[in-house]
Amino acid sequence: MKIECLHLKPFGNMIAIEFDRFDVSKGGLLMPDGIAASFPVRPGRVVEVGDGAFFDNGTQRRISLKIGDRVAAAGVGAVTSVNGSDVELINVDNVLAVIW
């Protein structure tokens, strides 16, 4: 189920990513969204960042990503639509690298 909203603020260790609509395979082929979603690592852009989780001792784990960062992320999250763009909410631990 997809939820339409105007603004989105993830909680804790969650981030919102707008994944690229097309991926290029190793052989140079453009793959549509449905096929690319089945691969384990996908590139995308961070559109919103949570505040970070709290440890048992009360200290907060800050998220080092910022809005606009290009990342490579694994896993599948909850899909929602923000201002007409599809974004996924995933755990920050699923981000493997920052791409530049």
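Visitor: Does Asp93 count as buried, partly exposed or exposed, and at what relative accessibility?

Guide: This is a predicted model, and the values are computed from it. Asp93 has a relative accessibility of 46%, so Asp93 counts as partly exposed.

Visitor: Which residue forms a salt bridge with Asp93?

Guide: Side chains of opposite charge can pair when their charged atoms come close. The closest N and O atoms of this pair are 2.8 Å apart, and a salt bridge requires a distance within 4 Å. The partner of Asp93 is Arg61.

Visitor: How many residues apart in sequence are the parts that Arg61 and Asp93 tie together?

Guide: Arg61 lies in the loop between E5 and E6, whereas Asp93 lies in the loop between strand E8 (85-91) and strand E9 (95-99). The pair therefore ties together parts whose separation in sequence is 32 residues.

Visitor: Where does Lys9 lie, and which residue in another loop does its side chain meet in a salt bridge?

Guide: Lys9 is in the loop between strand E1 (3-5) and strand E2 (14-19). Its partner is in the loop between strand E5 (41-49) and strand E6 (70-74), so the pair ties together parts that are 42 residues apart in sequence. The N to O distance is 3.7 Å, and the partner is Asp51.

Visitor: Which residue is linked with Lys9 and Asp51 in a network of salt bridges?

Guide: Lys9 is partly exposed at 45% relative accessibility, and Asp51 is partly exposed at 46%. The network of salt bridges that links these two residues also includes Glu48.

Visitor: Over the ring of which residue does the charged end of Arg42 sit?

Guide: A charge must be within 6 Å of the ring centre to sit over a ring. The charged end of Arg42 is 3.8 Å from the centre of the ring, which belongs to Phe19.

Visitor: In which sense do E6 and E9 pair, and which residue in E9 is the bridge partner of Arg70?

Guide: E6 and E9 pair over four bridges, in the antiparallel sense. In E9, the bridge partner of Arg70 is Ile99.

Note on methods:
Residues numbered from 1 in each chain as written. Predicted model: local features only at pLDDT ≥ 70, side-chain atom pairs only at ≥ 80, totals over all residues. Heavy atoms only, no water. Helix = DSSP H or I, 4+ residues; strand = E, 2+ residues; numbered from the N terminus. Buried < 20%, exposed > 50% of the residue type's maximum accessible area, 1.4 Å probe, protein only. Lys NZ or Arg CZ within 6 Å of the ring centre and 35° of its normal. Pairing = 2+ DSSP bridges.
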